[in-house]
Protein chains: 2
Amino acid sequence: MSVLTGKHLIDGQWCAQSCESFSAYAPQMDEFISPQFHSAGATEVNLAVQAAERGFDVIRQLSDHCRSELLTSIAQQLEHIRAPLVARCVQETGLSTARINGEIERTKKQLLHFASLLMEGTWRRACSASSDVTSHPDLHLSSVPLGPVVVFSASNFPLAFSVAGGDTASALAAGCSVIVKAHPAHPGTSEMVADCILSALKHLDIPPCVFSLLQSKDHEAGVALVTNPAVKAVGFTGSIQGGRALFDIASQRPEPIPFFGELGSTNPVFVFDSTFANGVDTFAQAFLSSMTQGAGQFCTSPGILVLQKSEHLDTLLTSLAAVIPLQAKQTMLSPHICSAYRRATRQRQSRSELNTLAVGRVAENAQSQAHIALFSVSAQDYLSNPELEHEVFGPSTLIVICQDFAEQLVVAKSLRGHLASSVFSGSDSEDRQQVAQLVDALSLKVGRLVFNGFATGVEISPAMQHGGPYPSSTMAATTSVGSRAIERFMRPVCFQSMPVDYLPVVLTSATADQ
Amino acid sequence: MSVLTGKHLIDGQWCAQSCESFSAYAPQMDEFISPQFHSAGATEVNLAVQAAERGFDVIRQLSDHCRSELLTSIAQQLEHIRAPLVARCVQETGLSTARINGEIERTKKQLLHFASLLMEGTWRRACSASSDVTSHPDLHLSSVPLGPVVVFSASNFPLAFSVAGGDTASALAAGCSVIVKAHPAHPGTSEMVADCILSALKHLDIPPCVFSLLQSKDHEAGVALVTNPAVKAVGFTGSIQGGRALFDIASQRPEPIPFFGELGSTNPVFVFDSTFANGVDTFAQAFLSSMTQGAGQFCTSPGILVLQKSEHLDTLLTSLAAVIPLQAKQTMLSPHICSAYRRATRQRQSRSELNTLAVGRVAENAQSQAHIALFSVSAQDYLSNPELEHEVFGPSTLIVICQDFAEQLVVAKSLRGHLASSVFSGSDSEDRQQVAQLVDALSLKVGRLVFNGFATGVEISPAMQHGGPYPSSTMAATTSVGSRAIERFMRPVCFQSMPVDYLPVVLTSATADQ
């Protein structure tokens, strides 16, 4: 594909019916860019769902090997268009070329991870119990895919949590057809990646009804997709507000469906004073790097630092104020996100309980340029204002200053759910018991706990967990990153006294693997 | 305990505050029996939840070995009171002595199953990924229990799906504290079993806040429990109407919580004509036995038979009409359930699309005595009246008569979710390909598929799945019977670069098992 069509991909065809359209915005250039993208209406939603119903019957009957090849082929297609993809994606997101190249690597790695997983066989969690002398029946537990899945892609990961991202890769791996509702902040990137998936399907002679892409700038298409009775599960990465609205719709359907939403998270970082035994600089640098990475637009950004009052703390605050790159360009993903960030930080600046430690300057007329903002608050004031725990999406952190460890522990126990949390402590410290207590308390609040490190950077691994208690995700028992992400899109079925000839092909092959 | 108190068990104390009360009803004797049971109000609910919050901090820190001992001890306590327990339970439910003795066996087996599982270590699904040369961090995936769990016990399994039933056993095993909302149809049984749990806790010196029992005859206590912010998950076995109402409340909380509801199921049975190659008698007997077992009050009762028109079918219908035990006493669990059953079957008798093949006689003034009722309908009429798929709880089955296999397949594909389904076919049949097609279609509709057998009787096994698509359950990816039931009450946590000293004790021991 050399020229963007601005259309939807439905059943292998680039098509558009509705007249409504929108354009991508280039944050670095502060202007809209061509082409126009059509916004999906009811007709396109229905066509995509009908295709996905046929597509489900196709993909669920493909062998594990064939679905593995599909994922591998998508990864290859992404590599083929790397140069133009990076160019368009950088334009649409304002993220750096290095970051987008890294994200292509990550997206490929995710696809190949599930491609390998499919060849292992254990992902199905099959399990057998043979009949025995006490006349128990022969049981064979395997799994089936759920049905057509809708994926809402994220604004902040235009590739890795988008059209061919983790949700799509794991849903296809599980044997589900997929409809992606693209994020309107990067429609060109989305079209290019959808075309990669189409090429991979064609290359392997798989009917293209398995995958569709809908472009839309407003909420109607998304609501229509989640409401449609043929849709059986939803993957979502985005804001608490948007995610909760769709979760409610999914739960209130006549047939409720699982909604796997990764929503907001502030990822509190708890620091013991022993961390600074050899000075504050190492920590200060690592913190600033994590806080400002991608303009703070990571779901795992450190939004809260919880420290104890000490002379080291004073040094740290002075050091941070000195080295914070106040003039550094912080380009946000869209004017919409940037104005929400500006509103939130302005509000924090005006609050009497908060000290503004540092705040960058930025030309107000640059619609996507954000300022770094660092605040502090006493633990007491923090605890009496629960809204201070909420995420401020962007390069801003709130430092919570505690009188002692006991107060740090109170803060930890007061938390609602987060994706991740960190604990920093000096290796030769005497606070061993306190660290253990804090780790225990935090394990009940988050999906991932990092020691002496920040949570930004999520490994693709069988041992990863990306999803914590609400509101950080809507299904804390599932993960959107790592091997178990595939389990979101399947469910167990027990075959009792069933002759092997009558097991579906995909299950017979799974049996063979066990 | 020799005399029933009629009170709630909260934090080790038998107590009651509200003035409202109710009595158990003895269906066989058709009368209310003593004592009076108090109905829990807001005060008792709050006290129970406060105890459960403390109890969660107790039980989650117990070793796997200690929780295993607790489950074993509960099973022993049940055995100690077997004789009075059976007597009271038979009185309250109208079920037979043999059935209740069997249910005690099953309940003990479930408790001991989880007691063994805890000693295996694999139940936590722990998994590690070591750091390597490419600088990936050290990851350790383990799990934590969710928090206080509320269990709504079932009317139809007064022991196995009740106070110390599968939900309670698996929640305690996972490390959650439990509040049981007892079913008002068997309050005495519930009190006796709760006392067993209290004895086991005392025996092992575990603080009794780990488990509470609330009695209540109305909905308020249940709603208050599900609404309480400290409650983190719910297990439920009961009707679609009641379950859906509580599911909605759980989903609409500010912090939504998982609601594991096992609701209604009709468990359609598909029969190929080859089944009758050696006559219809074997099948007819097995079917009648499954249909009338426990007065048809099993969640896995065969509510729908889907057959093809043939001479064998005529013979089968004649045979069924001849051998059906029309005078057999079918005592239902409560006047409430019985009147709902009578209403539903009367309505079926009056429908012009349905043929009444057989209907038993019963004294209308015997409030809990039900009549066996067998109906038939053409597949065409069945397909145009979707409400015919709904469960009629009791000893009634609808026979759907298809023109051919194609119509049987249409019926299969039209189904909503069920717990189980069966396929019958003669072993030397030529319908191999059709059976495979049907099994494939049904695997998308149910949690368990039985070949040449009925679904009544659910094995406790690692390979069991008891939970199908909605409305048969609210979380089709989970099971309420078998090893994986424990997974409902835990969630994964990833520990990144975490020194082993800082892992919580329960996780260190899990690590050792891997």
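Start by selecting ten strands, which form an open sheet in the order β5(A)-β6(A)-β21(A)-β20(B)-β19(B)-β12(B)-β13(B)-β18(B)-β17(B)-β15(B), with mixed pairing. At the edges you'll find β5 (127-129) of chain A and β15 (355-359) of chain B; each has a single partner strand, so one side of each is left without a neighbour in the sheet. From one strand to the next, the twist averages 20°. Here strands (E, at least two residues) and helices (H or I, at least four residues) are DSSP runs numbered from the N terminus, and two strands pair if DSSP finds at least two bridges between them.

Before moving on: this is a predicted model, where local features need pLDDT of at least 70 and side-chain atom pairs count only at pLDDT 80 or more, while totals for chains, interfaces and linings use all residues. Residues are numbered from 1 along each chain as its sequence is written, chains are lettered from A and ligands numbered from 1 in the order in which they are written, and side-chain values use heavy atoms, with hydrogens and water left out.

**Inside that sheet**

Zoom in on β12 (269-271) and β19 (418-424) of chain B, which pair in the parallel sense over three bridges. Click V271(B): its bridge partner in β19(B) is F424(B). Next, show helix α11 (335-350) of chain B, which lies across β15, β17 (373-378) and β18 (396-402) of chain B and runs at about 40° to β17(B). Contact here means heavy atoms within 4.5 Å. For the angle, axes are lines fitted to C-alpha atoms, for helices over the stretch in contact, and angles run from 0 to 180 degrees between N-to-C directions.

**The other sheet**

Now select β15(A)-β17(A)-β18(A)-β13(A)-β12(A)-β19(A)-β20(A)-β21(B)-β6(B)-β5(B), an open sheet of ten strands with mixed pairing. Its edge strands are β15 (355-359) of chain A and β5 (127-129) of chain B. At the chain B end, three bridges join β5(B) to β6 (139-145), and the two run antiparallel. Which residue is the bridge partner of C127(B) in β6(B)? Look for L141(B).

Time for cavities: on a 1 Å grid over the protein atoms alone, a cavity is a set of points where a 1.4 Å probe fits but cannot get out, and lining residues have an atom within 4 Å of a point. Grid points are joined across faces, edges and corners, and a volume is the space filled by probe spheres set on the points. The largest cavity holds about 130 Å³. It is lined by 17 residues, and the closest to its centre are T266(A), G303(A), V392(A), G394(A) and S396(A). Strand β18 (396-402) of chain A gives the largest share of this lining, three residues.

Most residues other than glycine have a negative phi, and most peptide bonds are trans. Select S34(B) and P35(B): a cis peptide bond joins them, with omega about 0°. P35(B) sits in strand β4 (31-38) of chain B. Another cis bond runs from Y470(B) to P471(B), with omega near 10°.

Finish in chain A with R125(A), which isn't a glycine but has a positive phi of about 55°. You'll find R125(A) in the loop between α4 (97-120) and β5 of chain A.

Methods: 1 Å grid on protein atoms, 1.4 Å probe; cavity = no way out; pocket = protein on both sides within 12 Å on 5 of 7 lines; lining within 4 Å.
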